[in-house]
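Thanks for making the time this morning. I would like to walk you through one model, going from its charged side chains to its sheet and then to its surface.

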Amino acid sequence: MAQGIFITFEGIEGSGKSTQVKILAEKLQKDGFKTITTFEPGDTEFGRKIREILLSTSLTINPLSELLLYFADRIQHVSEKINPYISEGFIVISDRFTDSTLAYQGYGRGISLELINNLNKFLLDEFKPKITILLDLPVEQGLARNRNINKNDKFEFEDISFHNKVREGFLKLAALEPERFIIVDATKTFEEIASEIYENIKERLKNL
Ligand code: TMP
């Protein structure tokens with residue numbers, strides 16, 4: 001592959017994204033693809049500082065300030081990491097990207113989707129992943145999983161209805177772009193999920 005490709009994983013809290021990102025990257029590396037994993041928010045030096053602010057449970061942040069910080073992180077992420085690796089022929093796999101902003105800040109917090117899409121257009125030239133894997137599961141199961149690993153992020157403190165809006169938001173985004181999204185049932189075992197993702201990605205890579 002002369003030009004690399006950009007793949008993202010999306011889903012609610014506790015959907016198992018980070019584990020699946022790692023497994024997919026290892027499988028693709030074994031197949032000989034140059035592969036790199038990354039995440040949002042916070043996978044640049046600048047982004048790490050923004051992540052601290054965004055996920056701090058002691059700060060009250062205006063939803064629009066929050067939105068712009070996610071974009072600030074993303075602009076840095078795309079220019080410093082994602083684009084350079086894609087230009088060098090890497091498969092870049094990111095744990096979350098703009099669909100998370102549409103789901104959490106848009107569907108969850110109620111910020112206009114048009115505003116978010118316009119920011120994406122003007123700030124990032126509508127840069128989008130080629131393939132997005134949505135790990136879908138009921139909110140109660142995802143939150144219970146996170147509680148088991150004692151994860152206490154800012155969004156853990158939101159109520160169930162917020163997380164349900166986020167989950168529904170992701171499913172609506174997937175329905176709008178069925179050719180980009182692969183929806184995977186994340187209640188299955190992690191081995192089953194991993195092989196379903198790998199088979200799907202191999203098929204798609206053949207057709208690129
Ligand atoms: P993580 O738990 O996957 O590391 O993500 C951190 C939190 O950031 C997660 O609760 C979702 C939230 N988030 C947004 O609200 N909007 C975004 O655009 C991104 C990338 C993440």
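Let me begin at K206, which is exposed, with a relative accessible area of 62%. As a caution before going further, this is a predicted model. The side chain of K206 meets that of E203 in a salt bridge, with 3.1 Å from N to O, and E203 is partly exposed at a relative accessible area of 41%. Both residues lie in helix α8, 3 residues apart, which is about one turn of the helix.

Helix α8, residues 190–206, also holds E199 and K202, which are again 3 residues apart and separated by about one helical turn. These two form a salt bridge whose closest N and O atoms are 3.8 Å apart, and since the cut-off is 4 Å, I would ask you to keep that value in mind. E199 counts as partly exposed at 44% relative accessibility, and K202 does so at 33%.

A search of the whole structure finds 13 salt bridges, and one of them is formed by D99 with R180, the closest N and O atoms being 2.8 Å apart. Which parts does this pair tie together? D99 lies in helix α4 and R180 in the loop between α7 and β5, so the pair links parts that are 81 residues apart in sequence. Are these two residues buried or exposed? D99 is buried, with a relative accessible area of 4%, and R180 counts as buried as well, at 6%. The two also belong to a network of salt bridges that includes K128 and E177.

Turning to the sheet, we have an open arrangement of 5 strands in the order β2-β3-β1-β4-β5, with parallel pairing. The edge strands are β2, residues 35–39, and β5, residues 181–185, each of which pairs on one side only. On average, and with direction ignored, neighbouring strands are turned by 20° against each other. Strand β4, residues 131–136, pairs with β5 over 5 bridges, and L135 stands opposite V184 in β5.

As for the helices on this sheet, α4, residues 98–108, packs on it and touches β1, β4 and β5, with a direction that makes about 25° with that of β1. Helix α3, residues 63–87, lies across β1, β2 and β3, and runs at about 165° to β2.

Finally, on the surface, I75, F122 and L123 form a nonpolar patch, with about 300 Å² of accessible area together. L123 lies in helix α5, residues 113–124, and is partly exposed, with a relative accessible area of 41%.

Methods:
Residues numbered from 1 in each chain as written. Predicted model: local features only at pLDDT ≥ 70, side-chain atom pairs only at ≥ 80, totals over all residues. Heavy atoms only, no water. Patch = residues over 30% accessible without salt bridge, like charges linked within 9 Å, V, L, I, M, F, W, Y side chains within 5 Å. Areas by Shrake-Rupley, 256 points an atom, 1.4 Å probe, with all protein chains shown as cover. Helix = DSSP H or I, 4+ residues; strand = E, 2+ residues; numbered from the N terminus. Buried < 20%, exposed > 50% of the residue type's maximum accessible area, 1.4 Å probe, protein only. Pairing = 2+ DSSP bridges. Axes fitted to C-alpha atoms, helices over the stretch in contact; angles between N-to-C directions. Contact = heavy atoms within 4.5 Å.
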